[in-house]
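Subject: Structure for your review

Dear colleague,

Please find below the structure that I am handing over to you. A summary of what was found in it comes after the coordinates.

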Amino acid sequence: MKTTNVTTPMPAAIVDGVLKKFQISDLNEATIREVVSIVNDIEEECGEKFIRMEMGVPGLKPSQVGTDAEIEALRKGVASDYPMLEGIKPLKKEASRFVKAFIDLDVSPEGCIPTVGSMQGSYANFLVAGQLDEKKDTILFIDPGFPVQKQQLAVLGYNYESFDVYEYRGKALRAKLESYFSQGHISSVIYSNPNNPSWVCFNEEELQIIGELATQYDVIVFEDLAYFAMDFRKDLSQPFEAPYQASVGKYTDNYVLMISSSKAFSYAGQRTGMACISDKLYHRFYPNLEKRFGVGKYGQVLVTRILYALSSGTCHSAQYALAAIFKAACDGDYNFLADLEEYKERGHLMKALFLKYGFELIYDKDMDEPLADGFYFTIRYPGMTGGQLLGELMYYGISAITLGKTGSHQEGLRACVSQTSKERFTELETRLRAFQEHHS
Ligand SMILES: Cc1ncc(COP(=O)(O)O)c(C=O)c1O
């Protein structure tokens with residue numbers, strides 16, 4: 001299906017020209033950054049703004065607590081000093097407290113390691129995980145997932161396997177996971193929770209299944225908490241009080257939590273995150289690591305070999321920012337989730353608009369419970385593949401990414417709410433109405 005003989009918000013000749021220039025025959029294959037470039041070009045030629053829903057960038061101001069602490073650290077001159085590889089002491093202490101306060105897990109300060117974004121956290125941990133045991137040469141993705149992590153494995157030359165969790169929620173997850181773990185080739189498993197792109201959140205039963213099987217088959221779980229505490233169905237904002245951010249750490253000792261500062265604290269530009277390694281895993285000795293790196297403990301290899309080689313630590317001043325954010329959150333002085341409610345409201349209203357004009361939600365429930373409104377939601381339009389839908393929406397000045405790139409087997413799109421403020425909802429509605437009129 002293609003928009004023809006109708007006037008669209010973005011002139012068809014311009015959209016056609018730009019799409020032709022990029023030579024992507026199926027938009028299902030376009031990366032996020034390619035979609036960004038296509039949309040930039042169309043906007044420039046049309047002089048009209050898109051409703052941009054393709055890239056998961058924070059749409060809010062950076063945490064003030066963090067900004068102030070970072071400026072103060074810079075004034076004190078930390079920029080001239082190399083930071084310690086394992087992170088500055090106040091950050092390690094406050095990160096450990098934060099994990100206790102908001103997840104109710106005990107991780108020692110020693111195992112709380114700053115990384116250059118969670119991006120580096122996953123890269124460095126993948127690298128170690130792939131060297132633990134010669135037989136375990138594969139990393140498993142519980143998809144849909146964040147495409148760049150697979151790119152990291154392509155860079156490393158590591159194998160990965162994946163499955164779309166859509167059909168394997170609840171008890172069904174056990175047999176599916178076990179079918180991979182029992183083959184003996186899986187070193188580690190990764191998923192995000194809440195999930196990018198589907199916004200699915202694993203419940204306690206599912207986390208228990210993952211944790212129990214990880215222990216049974218000696219698999220490490222990389223729990224990517226990039227959207228920390230953003231399951232807005234629950235109030236996870238009170239430190240040291242239930243309910244907590246759900247975590248696999250309740251059910252296994254084989255875990256690394258990746259806590260990004262990008263979305264929870266709108267601090268993406270400073271590229272800081274934390275890899276919080278369980279005490280047991282941090283100190284675990286692997287003969288294979290010793291053979292390759294001269295030292296054999298997981299945490300020691302990660303810090304003194306891998307992070308040293310990759311970036312020699314994490315930006316010094318940004319570590320002070322994160323330390324201050326964690327401290328203020330734990331002391332009850334900074335409710336980081338209050339600012340993020342904006343995403344919940346936008347998600348709620350934007351989903352309603354798409355549904356009103358004939359779209360359907362794809363990932364819509366955690367078992368019986370509707371998904372939280374939040375940063376992302378997933379949509380399809382009857383009779384269209386994800387690539388076709390994205391191509392058509394370009395003419396209506398609406399951008400997103402296809403689920404195909406995320407390991408999902410569903411045909412549709414991921415929409416991100418962060419770049420669309422409420423002032424643009426009327427425009428979104430006008431465009432969606434036109435889209436439905438032209439496609440029904
Ligand atoms: C699931 C997931 N993991 C990791 C990241 C990267 O986080 P960071 O900005 O801390 O590198 C993102 C960013 O969008 C993400 O969505």
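The notes below cover the domains, the sheet and the ligand surroundings.

Please bear in mind that this is a predicted model.

The chain is divided into two parts: domain 1 comprises 12–60 + 337–438, and domain 2 spans 64–330. Their centres, taken over C-alpha atoms, are 28 Å apart. Across the boundary, 26 residues of domain 1 are in contact with 30 residues of domain 2. On the domain 1 side, α13 (336–356) and β12 are the elements that contribute two or more residues each. That side consists, by class, of 13 nonpolar, eight polar and five charged residues.

Strand β12 also takes part in an open sheet of four strands, ordered β9-β12-β15-β14 with antiparallel pairing. At the edges are β9 (360–361) and β14 (401–402), each of which pairs on one side only. Within the sheet, β12 (residues 376–380) and β15 (residues 413–416) run antiparallel and are joined by four bridges. Tyr376 is placed opposite Cys416 of β15.

Turning to the ligand, 13 residues surround it, and the closest are Gly117, Met119, Ala226, Ser260 and Ser262. Helix α5 (residues 117–129) supplies three residues, the largest share of this shell. Which classes of residue make up the shell around the ligand? Eight are polar, four are nonpolar and one is charged.

Yours sincerely

Key. Residues numbered from 1 in each chain as written. Predicted model: local features only at pLDDT ≥ 70, side-chain atom pairs only at ≥ 80, totals over all residues. Near = placed C-beta within 6 Å. Nonpolar A, V, L, I, M, F, W, Y, C, P; charged D, E, K, R; others polar. Pairing = 2+ DSSP bridges. Domains from an automatic or database assignment. Contact = placed C-beta atoms within 7 Å.
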